[in-house]
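Please examine the structure shown below before reading on. The paragraphs that follow discuss its salt bridges and then one of its sheets.

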Amino acid sequence: MSHPPVEDQPPPTTVFPARAIHTLDLTVPSGSAIAVKDGRFLALGKTDELVDVYGGTVDHSLADKVLLPGFVEAHSHKDTGGIWQFTYVGFEARRGPNGRLWRGCTTFDAVVDRLREADRLLDDPGEPLLAWGLDPIFWPGERFDRRQLDAVSTTRRIFVAHSNMHLATVNSALMEQEGIDPDTVAEGVPKDDSGWPTGELQEFPAMALAGQTFRSFFGRTQSDESVLMFGQAARNVGVTTVADLGTSNLLDEAVVQQWIDIADETFPMRAAMFHGALMSAPDGDEACAAAMVDLKRRSTDRVRFGNVKLLMDGSIQGGTARLRWPGYLHGGPNGIWLIAPEQAAERIGPYHRAGLLVHTHANGDQAVDALLDAFDQVQTANPLPDHRHTIQHCQMTTPGQYRRMKALGMCANVFSNHTWFWGDQHRAITVGPDRAARMNAARTALDIGVPLSMHSDSPVTPLGPLHVAWAAINRQTPKGEIMGEHERVTVAEAMHAVTMGAAWQLRMDDVIGSITPQKFADCAVLEADPFEVDPAELRDIPVWGTMSGGVLHQGSPQTDA
Amino acid sequence: MTPGSVRLPLTVIGGYLGAGKTTLLNHLLANPDGQRIAVLVNDFGEIDIDGRLLDSATDHVLRLANGCICCSVADNFAETLETVRGFAECIDRVVVEVSGVGQPHKVSQWGHSPGFSPDGVVVLVDPLSILNRAVDPYVGDTVVAQVAQADLVVISRTDLASVDELEATEAWLDGVTGATVLRAPLPTAVLLGPAFRPLDLDHFPPARKVNHGSVAGGPQHADHVTISRRLDGPISRPSIETWAQSRPGGVVRAKGLVRVNDRPNDRTVLQICGSSTMVSVDGPWDDGEDAVVAIALPGTPRAALVKWLNLLR
Ligand SMILES: Nc1nc2c(ncn2[C@@H]2O[C@H](COP(=O)(O)OP(=O)(O)O)[C@@H](O)[C@H]2O)c(=O)[nH]1
Ligand SMILES: [Mg+2]
Ligand SMILES: [Zn+2]
């Protein structure tokens, strides 16, 4: 018996007219509509022409929107979503992935009120109250400690992480339960005049004294919910692809499967997953590289494996980045190495030889020197013409270093948001106004010809490429200083950096980064045109949402708490 | 003994790349001096794991991914320690190898974690390369900070270094650290402290000689002196201060679990590692015996040690 022939249902074509479309692809003339089929861009043109040629239906829902290629955040972390499971008590207002506006807590009372409200919402008295974002730097001379938290609860454990995630403040109930008392002699546990710990726990070993509560806080990235919230957060700001830069242990099969399962075609985001090899290469780098090569084959349209993250130094604001002479303006000791300079080539080599993409964190200029020495060795021993290895942050990278990067074929992902979030501190405290004016030198990188992207490092700063671009274009600090006018970039350059520039560094420019037929139909859907608004107001452009693989994802409705 | 009543001593081994940390760990595993030692390292490839890591009777090895303990990426280390704590019944102590550019003193702060107690920062120094490393533009400050914050500095490769090199290294160390400086090879009990548990004192008769094991390739060392004393009951706080201040030369390690008469219901820990002396309270008294054990360099007069321990009263 023969089967009846199966009727081939051609997948439907949808034509989306828009107010303006910026393809960021010079070979694709700008049109007034896009045709989408099979999750990919089919063609660009006028609505009538597209319908004539390709058939299908017209979807008018984007008729008054401006379309750009979906933004690509090339340096972020999974906690971008997961952190919002906890109560935000930061100084600046922020919006969570569900669209809720969290007003800034600008006084001690505001922090206490916010925590009281969260305490009321918890049913189980045994469940700790976890909060984040506290920044006592805004209350110089006053001490926020367990006394304020005891006013929230004397029975429930409370753990409040500071905005830098290196400190926390806990209440007396937690201290009692974990035995943090006058006998505690650990460093990073300051005591008051009575000999009792104040409740502030400085750095990880001290924070870990908070026991299970500490581990629940820092174990947040394990949950499915945190991945889902990451996707929401991305969609709300026009991001359709993120790089998860070393947050997830990809030698753990459960983590890999979690991403593959969650990132189905209904998920609004693609992710380039980077394995944090500095922390997790228990059998050595060769074995880790082999595992990553195997894992690469399990990549899907939405989750890419086969990338590795390493770190050379710490952060500038934390005083842990490695600086060249003359070091920190504040006179503090030079920072820390996370990989010994002489070992860097040995650590990178196995991944490079395996054809994997290596992105390495280097903030300070001395760290970049050491890293360039290492890549020089690695490339000389095993030249790969198109490796796209990238230096992450590049905050103090000099013109000479950019020339070496160009010669070695390396890419730069610059931490442009720093000019806004720490610009005034860099001018006054860490490096001084002169070096600050040369930080995050996007203009120099472009002029020298180093492939460029720029990032938020969310949740270190909020996810949002329009803000990142705004920072690189304007280089303005909160105090109104312009931090190095000569390093400003144009709107077109910034838009390229957060789309094609990032896609290139993730080796995904063949499928994302521009509105180009055959690429995935990923768009940022905006309410105003970045190329038309005053560049000083770029960050204020409302984002409607995204299109991901041809499917529209409207951003969370914005609500005020 | 109820589970968790004894804190696991956590000793940190630091020193620049190639200083001999892993070699020393393997030596400790091969010569555990009756102690069941768990080691935490970043890279298992170099460790001679053959079941010695844990009590071989349990017939399994504790392997921990995410064991990295560099200071800025350390949140995972809490999980690692929690896992180790789950094995507290079958190990006596933990030794952590810090990365060659890590700061061992900072890592040792993890020793305050629930269920552990910090037990010394031992930093290895390679006499053949340290003087060059110390002026290296990339890592000089790191190397100096490592030794500056050590309790005990151990000079490795004493089999390869000339007398001049050893003396030059010691002279340099003298200028940058207050730590006790010793030459390898050293017995396990000096590196890690005496195998001391409150209820185990019978296994350590007074004035017992320490087992010898030597670091690979090193010459045999002379005998270190171990002396222990049981106390009759709670001692006075001023006597502890006197004791701490009149330590005889040659004492490199000591440990006491005692009651103090102003806190008779708590277990006070006296601890010496190299240059550091620490007095802390780590929990309620557990009906063990009040006792102190000290280890001193070969040739240290026993009479001086007896007299010193007798100051605790
Ligand atoms: N001759 C000799 N070689 C040693 C000694 N200690 C370490 N080594 C060698 O020095 C090299 C580096 O030692 P390793 O323990 O791996 O150093 P680590 O980087 O501090 O862990 C290895 O080849 C060891 O065999 C020693 O005391 N004498
Ligand atoms: Mg080693
Ligand atoms: Zn990051």
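**Salt bridges and a sheet**

In this predicted model, Arg297(A) and Asp294(A) form a salt bridge whose closest N and O atoms are 3.1 Å apart. Arg297(A) has a relative accessible area of 63% and is therefore exposed. Asp294(A), at 44% relative accessibility, counts as partly exposed. Elsewhere, Asp64(A), Lys65(A) and Glu527(A) are joined into one network by salt bridges that share partners. Over all chains, a search of the whole structure finds 40 salt bridges.

Two further salt bridges have buried partners. One of them brings together the side chains of Asp119(A) and Arg156(A), at 2.6 Å from N to O. This pair links distant parts of the chain, 37 residues apart: Asp119(A) lies in helix H3 of chain A, and Arg156(A) lies in the loop between helix H4 (146-150) and E12 of chain A. Asp119(A) and Arg156(A) are both buried. Another salt bridge joins Asp285(A) to Arg347(A), with 2.9 Å between the closest N and O atoms. Here helix H10 (residues 285-296) of chain A contributes Asp285(A), while helix H11 (residues 341-353) of chain A contributes Arg347(A), 62 residues apart. Both of these residues, Asp285(A) and Arg347(A), are buried.

The sheet may now be considered. Five strands of chain A form an open sheet in the order E8-E11-E12-E13-E14, with mixed pairing. Strands E8 (87-88) and E14 (200-202) of chain A stand at the edges; each has a single partner strand, so one side of each is left without a neighbour in the sheet. Helix H3 (residues 108-121) of chain A packs on the sheet and touches E8, strand E11 (129-134) and E12 of chain A.

Conventions
Residues numbered from 1 in each chain as written. Chains lettered and ligands numbered in written order. Predicted model: local features only at pLDDT ≥ 70, side-chain atom pairs only at ≥ 80, totals over all residues. Heavy atoms only, no water. Pairing = 2+ DSSP bridges. Helix = DSSP H or I, 4+ residues; strand = E, 2+ residues; numbered from the N terminus. Contact = heavy atoms within 4.5 Å. Axes fitted to C-alpha atoms, helices over the stretch in contact; angles between N-to-C directions. Salt bridge = Lys/Arg side-chain N within 4 Å of Asp/Glu carboxyl O. Buried < 20%, exposed > 50% of the residue type's maximum accessible area, 1.4 Å probe, protein only.
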